[in-house]
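Good morning. Please have the sequence and the model open.

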Amino acid sequence: MGIPLPAVRASVTEALSGAIGTGSQNPWPPGGAAAGYSAPVAYYNGGMSLLSILEFPDPRLRTRAAPVSVFDARLRQFVADMFETMYAANGVGLAATQVNVHQQVLVIDMSDERNQPLALINAEIVEKDGAQVYQEGCLSFPGVYADVTRALKVKVKAHDMDGKEFTYEAEGPLAVAVQHEMDHLAGKVFVDYLSPLKRSLLLKRLEKQRKQAAGA
Ligand code: K1U
Ligand code: ZN
């Protein structure tokens, strides 16, 4: 009967999902595939679904997400599915673009205990300051990492799942994650920041790892 959820994940589940249908039975956004939703469900555990993550160079990763205008139970279910998918993949962030949903939804949890879920809907950076270099990875580029320079601090205006606007300030690695996920929603990926030479080396490494994984 599905995967057992550790206590922390169960509390995330309770906090985020309402008494509603599943990702597959009750897709979001309303209108289903016609409205841009076609995330294949990789696993269904009875309450939440693991979504398939698109991998580079899938052209759908270049889609610009539209703002969310309907804040309903299906949105909450989608956000719960995104957290479930991010935790299962050992990621610290995930953008809706990566699961082929082109709406401005992102989730992050950078805590060691995996108990500080943050969902930002329609996020906009209103202030940024400083610079930092951080070695980034990406669930859409499994197994490869590169240094990227981004703002050290960001102030973001966003909506919560009830549609209420709030501001959120992040610094250091959390600010990196916010910027990385917002880039996904704009159709941008971290290798876009690399020089042509570094990008080409990293993409060759990605290809080599994929071949090794396929042959293993
Ligand atoms: O793909 C993503 O958008 C998730 C990504 C977010 C991120 C946070 C902070 C800095 C850069 C990127 C990650 O979760 S990368 C972290 C990671 O450890 C990882 C990478 C590939 C596979 C599994 C985990
Ligand atoms: Zn990413």
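Glu-136 touches Val-144, Tyr-145, Ala-146, Val-148, Arg-150, Val-176, His-180 and Phe-190, leaving out residues up to four places away in sequence; contact means heavy atoms within 4.5 Å. Before going on, the conditions: this is a predicted model, where local features need pLDDT of at least 70, side-chain atom pairs count only at pLDDT 80 or more, and totals for chains, interfaces and linings use all residues. Residues are numbered from 1 along each chain as its sequence is written, chains are lettered from A and ligands numbered from 1 in the order in which they are written, and side-chain values use heavy atoms, with hydrogens and water left out.

Back to Glu-136. Its place is in strand E6, residues 132-136. Helices (H or I, at least four residues) and strands (E, at least two) are DSSP runs, numbered from the N terminus. Is Glu-136 buried or exposed? Glu-136 has a relative accessible area of 3%, so it is buried. Buried means under 20% relative accessible area, exposed over 50%, and partly exposed in between, with a 1.4 Å probe and protein chains only. The side chains of Glu-136 and His-180 are joined by a polar contact of 2.8 Å. A polar contact is a pair of N or O atoms within 3.5 Å; within protein, one must be able to donate a hydrogen and the other to accept it, and residues adjacent in sequence count only if both atoms are side-chain atoms.

His-180 is one of the buried residues of helix H3. H3 is mostly covered, with 11 of its 13 residues buried. From first C-alpha to last, H3 reaches 19 Å, close to the 18 Å expected at 1.5 Å a residue; the expected span is 1.5 Å times one less than the number of residues. Just after H3, Gly-187 takes a positive phi of about 80 degrees.

Now the sheet. What is the order of its strands? The order is E3-E4-E5-E8-E9, an open sheet of 5 strands with antiparallel pairing. Two strands pair if DSSP finds at least two bridges between them. At the edges are E3 (93-95) and E9 (165-171), each pairing on one side only. E8, residues 153-159, and E9 pair in the antiparallel sense over 7 bridges. Among the residues involved, Ala-158 has Phe-166 in E9 as its bridge partner. Helix H2 (73-88) packs on the sheet, touching E3, E4 (105-108) and E5 (118-129), and its direction makes about 40 degrees with that of E4. Helix H3 also packs on the sheet, touching E3, E4, E5, E8 and E9, at about 155 degrees to the direction of E4. For these angles, axes are lines fitted to C-alpha atoms, for helices over the stretch in contact, and angles run from 0 to 180 degrees between N-to-C directions.

Next, helix H4, residues 196-215. Why does H4 lie largely in the open? Of its 20 residues, the number buried is 2, so H4 lies largely in the open. Gly-143 lies in the loop between E6 and E7 (146-150), and counts as partly exposed at 38% relative accessibility.

Last, the whole protein. There are 4 helices and 9 strands, and buried residues make up 45% of the 216 residues.
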